[in-house]
Number of protein chains: 2
Amino acid sequence: MFSPNAYADRRKALMSMMESDGIVVIFGNEYSPMNYEDNIYPFRQDSNFLYFAGINDAHHLMIIDLNEGNSKLFGNDRSLDHIVWMGEATSMAEKSTAINADAFADYQEGLNEIRSAAHRGIPIHYLPPYRHDRAIILADCLGKSVAEAQQGYSEELCKAVIRLRSIKSDAEIKEMEIAVNTTRDMHHAAMEALAAGQLEADTAGLVEGIAIRGQGRLAYPCIATVNGEILHNHHHHNLTQEGQLFLLDAGASSPSQYAGDITRTFPVSTKFTDFQKDIYQVVLDSQMAAIAKLRPGYRFLEAHLTSAKVIASGLKDLGLMKGNVDEAVAAGAHALFFPHGLGHMIGLDVHDMEDLNEDWVGYNDEVQRSDQFGLRSLRLGKELEAGHVLTVEPGLYFIPALIEGWAAEQKHAEFINYEAVKQHIDFGGIRIEDNIAITQNGYRILGDPIAKKIAEVEQLRQG
Amino acid sequence: MFSPNAYADRRKALMSMMESDGIVVIFGNEYSPMNYEDNIYPFRQDSNFLYFAGINDAHHLMIIDLNEGNSKLFGNDRSLDHIVWMGEATSMAEKSTAINADAFADYQEGLNEIRSAAHRGIPIHYLPPYRHDRAIILADCLGKSVAEAQQGYSEELCKAVIRLRSIKSDAEIKEMEIAVNTTRDMHHAAMEALAAGQLEADTAGLVEGIAIRGQGRLAYPCIATVNGEILHNHHHHNLTQEGQLFLLDAGASSPSQYAGDITRTFPVSTKFTDFQKDIYQVVLDSQMAAIAKLRPGYRFLEAHLTSAKVIASGLKDLGLMKGNVDEAVAAGAHALFFPHGLGHMIGLDVHDMEDLNEDWVGYNDEVQRSDQFGLRSLRLGKELEAGHVLTVEPGLYFIPALIEGWAAEQKHAEFINYEAVKQHIDFGGIRIEDNIAITQNGYRILGDPIAKKIAEVEQLRQG
């Protein structure tokens, strides 16, 4: 947790940004049922609640009164019965003090205040309810249908929260470095432990265990696979084989819930093959070229295109692409190999503030999202500011279904040597990803260095 | 997965049990959002859907037509776009064949069939929607409020499903042994790795990692703590200290989602203290005494009381309780130390079928749940049958808040030596738990033996 005043300052800043009157309601999360009500998933607090109200326990909410200029925390103290089963807990009085709230009361009173405000026609500003239990509670309090409650969130509030949360304080960046350093341990342990004949699940279990030991958890479901070309592959049932590549996209959350998000790709054998080295170096070059340009005022869209051009140029050198590189990238031909965006904001959420609308986070009136295949998946396009933290994660994949589909219609055939590409159709995929803070003059890669150059990776693979 | 006919046979049995007409709707689970819609918890399929429809993927449902006597599976095939991101998947045609369904169609058609049945006044039988997204979908299909949809489940269907799922087949018990044997690896690894000065999270991460390596996950949030007296303690932030006890209540699910649920308690030092040994032996004796009685026709309530009497008798020998043991247990005095139930059914759920109503699972007209403190937490009381699988998990705890509360009002003072008890108020807690199948003639402890006797535990602690 941060200092009590840090939370109070964030709420004050929010109040000053909101032009509307009325109340702002920030819901904390409830426990989430797995296979019956009381068998629950690991608790994950709502990120906006963590930002403004800090408390990392279920069943709380905060009401910020824009007219009165004060903040009230709602939640329940534990009964003796609860203490027997769950242990002693911090009291509501202590929680309220810890975040410098102006007052506190039982959870039910919070719901009553929302109901009363709705009844009196006072504007109620809330964020999009991405969990269904919250939508049901909101609908009940507002006297609306669930669908109306889901759609009735406040654009003004979302945009104000995005402005605040987009700029990370030094204290927040310190927390993010904790997350990245636990993530570093995960990746290095995986590189050291991998061997042919293991299950992908062996690596998945190894790294998730380390995240838990770090007193956080995984910030997102990990990708740990010999099929790196399947971009969101969450199955871990394959056996690793000599000669394959292993792609690990896994990040820990810090105990304070800030996310790390790192990808490394390494050989199942102790060394890369020559062709794997060639492709790896193209991806690494494209990442370094993009990172080198990062600074306040620079559009992240340009970083994406820089990365894409290095990839297209590298593939041309390898005989897999052809023609003019700038034209190929403008046409989107490189997206056969690099079909996703270069990166995204990261903070309390791995895709930071995605619940508040991805386009409001990553784009604005000047920089709008493209609808071109590949580029349309870029989550962040707008100008960078000091205090932004983001990922840079180019990748290069041989996706059989996509290659066969494009080849059949000879899509972008002036830029792609399909015959050469098909010879590598079972290559898999390589992605390299780091977490980067934008500073006053440039950038800083977060955390201690994680093995990334070919020689560094091969050294860890050889123990 | 089981054979296609196994699933068809279960559905046929269900149809023959249902006296009502109409349709039975079994919903599969959706992905569950963590901190925004697309950052999801590990997928856990609904256990009833797994039982009747076997498919372990999100966004499916099954409709069993009681009038026509057939079963239809609903779900969507993947588009090319989905294949690029998620990889190839089993087709709906293959899924339908794998579970011997009579037909299959898109998910939306399933919802349309429910809507159409609701519109025509055909009875629609469904199970309690413990997840909120399901309640919202049901409300929408049935044209009811969410609260009405939550309450409108079918008691007849719940009871029929309970009758079926309560009796485990040999094939199911084989799956449960896989879960228990992975769980055994978790507990033995924890006993070997524990040392003073570690975080509880080190053990939590170790065992969760092993569960994932087993291609399942944890069947429930693990308890890994030096504060074993906090019964549902899910925090892991304490540092272990010499002389403390460590309680590990953790179970893997098998890849097929059957649960293991094992508890062991071991010393942070390499050996138990004499007093720890005394208490440990009482718990172990009480577990063995209860297990020895298990057989078809025996009421599990009696096993609970058997266990309670061994505990009371043992505590009397140690000078912590006094008076007549049978009277003490009848009065509930032992519940100061053993405030929970002896065990519960286990299967696809760790508390099997808890979503279908605990009292319908564990009690009947002859054996009703007590309202006495301690005994009221017993989930299973009724007569056992061959094919039941259950846990036996007595425990003995020194819970400061409870001891101080009871001592202040001198509750059951004729049976409890409060002065002696208070000398051990920081003892912690011990629980020992195994998973047991009821056979034709008695019982069988599932899985390979897990270190349990004092000498066995100390041997593992000494490496």
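Reply: Two residues are in contact if their C-beta atoms, placed from the backbone, lie within 7 Å. The model is predicted.

Me: Leaving aside neighbours within four places in sequence, which residues are in contact with Ser370(B)?
Reply: Ser370(B) sits in the loop between helix 14 (358-362) and strand 11 (389-392) of chain B. Neighbours within four places in sequence are left aside. The contacts of Ser370(B) are then Leu375(B) and Arg376(B).

Me: Is Ser370(B) buried, exposed or partly exposed?
Reply: A residue is buried at 20 or more other C-beta atoms within 10 Å, and exposed at 12 or fewer. Ser370(B) has 16 other C-beta atoms within 10 Å, so Ser370(B) is partly exposed.

Me: How far apart in space are Ser370(B) and Ser256(B), C-alpha to C-alpha?
Reply: In sequence, Ser370(B) and Ser256(B) are 114 residues apart. In space, C-alpha to C-alpha, the distance is 35 Å.

Me: Where does Asn364(B) lie, and is Asn364(B) buried or exposed?
Reply: Asn364(B) belongs to the loop between helix 14 and strand 11 of chain B. Leu380(B) is 16 residues away from Asn364(B) in sequence and 10.0 Å away in space, C-alpha to C-alpha. Asn364(B) has 12 C-beta neighbours inside 10 Å, so Asn364(B) counts as exposed.

Me: What is phi of Asn357(B) near?
Reply: Asn357(B) is in the loop between helix 13 (325-331) and helix 14 of chain B. Asn357(B) is partly exposed, with 17 other C-beta atoms within 10 Å. Most residues other than glycine have a negative phi. Asn357(B) has a positive value, near 105°.

Me: And what is phi of Met353(A) near?
Reply: Met353(A) is placed in the loop between helix 13 (325-331) and helix 14 of chain A. With 27 C-beta neighbours inside 10 Å, Met353(A) counts as buried. Its phi is positive, in a residue other than glycine, near 65°.

Me: Which elements do the buried residues of helix 8 of chain A pack against?
Reply: The buried residues of helix 8 are Leu157(A), Cys158(A), Ala160(A), Val161(A) and Arg165(A). Seen down the helix axis, they fall within an arc of 165°, so they line one face of helix 8. They pack against helix 1 (4-17), strand 1 (23-27), helix 2 (47-53), strand 7 (124-126) and helix 14 (358-362) of chain A.

Me: What span does helix 8 of chain A reach, from first C-alpha to last?
Reply: Helix 8 covers residues 155-166 and has 12 residues. At 1.5 Å a residue, the expected span is 16 Å. The span reached is close to that, at 16 Å.

Me: Which residues of the largest nonpolar core touch the most other members?
Reply: The largest nonpolar core holds 269 residues. Beyond four places in sequence, Val25(A) contacts Leu61(A), Ile63(A), Ile114(A), Ile124(A) and Tyr126(A). Those touching the most other members of the core are Val25(A), Val207(A), Val25(B) and Val207(B).

Me: Which residues does Phe49(B) contact, neighbours within four places aside?
Reply: Phe49(B) is part of helix 2 (residues 47-53) of chain B. With 20 C-beta neighbours inside 10 Å, Phe49(B) counts as buried. The contacts of Phe49(B) are Ile26(B), Phe27(B), Gly28(B), His60(B) and Met62(B).

Me: How far apart are the C-alpha atoms of Ala139(A) and Gln150(A)?
Reply: Ala139(A) lies in helix 6 of chain A. Ala139(A) is buried, with 21 other C-beta atoms within 10 Å. Along the chain, Ala139(A) and Gln150(A) are 11 residues apart. Their C-alpha atoms are separated by 8.1 Å.

Me: Which element gives the largest share of the side of chain A that touches chain B?
Reply: The contact takes 56 residues from chain A and 56 residues from chain B. The residues on the side of chain A divide into 29 nonpolar, 15 polar and 12 charged. The largest share, 10 residues, comes from helix 10 of chain A.

Me: Which C-alpha of chain A is nearest the axis that relates the copies?
Reply: A rotation of 180° with 0.0 Å of shift along its axis superposes chain A on chain B, at RMSD 0.0 Å. The two copies are thus related as by a two-fold rotation axis. At 2.3 Å from the axis, the nearest C-alpha in chain A is that of Gly209(A).

Key. Residues numbered from 1 in each chain as written. Chains lettered and ligands numbered in written order. Predicted model: local features only at pLDDT ≥ 70, side-chain atom pairs only at ≥ 80, totals over all residues. Helix = DSSP H or I, 4+ residues; strand = E, 2+ residues; numbered from the N terminus. Expected span 1.5 Å × (residues − 1). Arc of directions from axis to C-beta. Nonpolar A, V, L, I, M, F, W, Y, C, P; charged D, E, K, R; others polar. Least-squares fit on C-alpha atoms with pLDDT ≥ 70 in both. Core = buried A, V, L, I, M, F, W, Y, C linked by C-beta atoms within 7 Å.
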